[in-house]
Amino acid sequence: MINIILFGAPGAGKGTQANKLIEKYQLVHLSTGDLLRSEIAKKTDLGIAAKKVIDRGELVPDEVVIGMIDRKLEEHKNSNGFIFDGFPRTTPQAVALDRLLADRKKPILAMIALLVEEEELIKRLLNRGKDSGRTDDQELSIIENRIKVYTNETAPLAEYYTSKNKYVGIKGVGSIDDIFGRISDTIDKLK
Ligand code: AMP
């Protein structure tokens, strides 16, 4: 069972690396951002409410994303493991994830953090905004707010997982394959 939290600021490359990891290790990709965007595309009540928050670069309420993760863990209960991408993002989410995984006897193997400088993050996000269709990637003020929210609310989770001896920081710049190599080496040593 391999449960990995892929951690890092917006634009750190979590989604790109998650897609490669699920293939290599046969895992299920759980991205709360993707799940929310799918609700937006379907124009559900949840999606309509979430879009307003996402387009300000703020976080949707903890209970919304925790409920989504709970349902997905149940849906894929026989999987080899999960890559958590963009979740947890707050301390209450991390505490809830611990409980959800403890109930299922499936602990976190590691939090792998992709470390990228702010200037590079902004460059990558503005670039992605040109063709991803993501409205939250198209305006500098929204991007800056997302990075601020990350620094204030999400970055402290590195300490939470360090205190549990689960945190590994990895250089998140270089080619996609080099970064993937670093992540895979880390997982292979731990599993
Ligand atoms: P992402 O695709 O991970 O960059 O997420 C895009 C946006 O969705 C974020 O800026 C938040 O508004 C929202 N979001 C995604 N995951 C979470 C989460 N775990 N908690 C709260 N909001 C989230």
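# A tour from the sheet outward

Begin with strands S2 and S3 (residues 81-85), which run parallel and are joined by four bridges. Two strands count as paired if DSSP finds at least two bridges between them. The names are DSSP runs numbered from the N terminus: helices are H or I of at least four residues, and strands are E of at least two. Within this pair, select His29; its bridge partner in S3 is Ile83.

The model is predicted, with local features needing pLDDT of at least 70 and side-chain atom pairs counting only at pLDDT 80 or more, while totals for chains, interfaces and linings use all residues. Residues are numbered from 1 along each chain as its sequence is written, and side-chain values use heavy atoms, with hydrogens and water left out.

Now show the whole sheet. Its five strands are ordered S2-S3-S1-S4-S5, and the sheet is open with parallel pairing. Strand S2 (28-31) and strand S5 (167-171) are the edge strands, each pairing on one side only. From one strand to the next, the twist averages 25 degrees; axes are lines fitted to C-alpha atoms, for helices over the stretch in contact, and angles run from 0 to 180 degrees between N-to-C directions. Strands of a sheet pair through backbone hydrogen bonds, either parallel or antiparallel.

Next, select helix H9 (residues 176-190). From first C-alpha to last, the 15 residues of H9 reach 21 Å, close to the 21 Å expected at 1.5 Å a residue; the expected span is 1.5 Å times one less than the number of residues. Colour Ile179, Phe180, Ile183, Ser184, Thr186 and Ile187, which are buried. Seen down the axis of H9, the buried residues fall within an arc of 160 degrees, so they line one face of the helix. That arc is taken from the directions from the helix axis to the C-beta atoms. Buried means under 20% relative accessible area, exposed over 50%, and partly exposed in between (1.4 Å probe, protein chains only). On the other side of H9, Asp177 and Lys189 are exposed. The buried residues of H9 pack against strand S1 (2-7), helix H1 (14-25), strand S4 (110-115) and S5, where contact means heavy atoms within 4.5 Å.

Move to Arg146, in helix H7 (residues 140-154). Arg146 counts as buried because its relative accessibility is 10%. Its side chain makes a polar contact of 2.8 Å with the side chain of Asp137. A polar contact is a pair of N or O atoms within 3.5 Å; within protein, one must be able to donate a hydrogen and the other to accept it, and residues adjacent in sequence count only if both atoms are side-chain atoms. Beyond its neighbours within four places in sequence, the contacts of Arg146 include Pro10, Gly57 and Leu125.

Asp98 is the next stop, in helix H5 (residues 91-103). With 23% relative accessibility, Asp98 counts as partly exposed. Not counting residues up to four places away in sequence, Asp98 touches Tyr160, Tyr161 and Lys164.

Finish in the loops. Pro88 sits in the loop between S3 and H5, and a cis peptide bond joins Phe87 to Pro88, with omega about 0 degrees. Lys43, in the loop between helix H2 (32-41) and helix H3 (45-54), has a positive phi, near 55 degrees. Asn165, in the loop between helix H8 (157-162) and S5, has a positive phi of about 65 degrees. Lys43 counts as exposed at 64% relative accessibility, and Asn165 counts as exposed at 74%. Most residues other than glycine have a negative phi, and most peptide bonds are trans.
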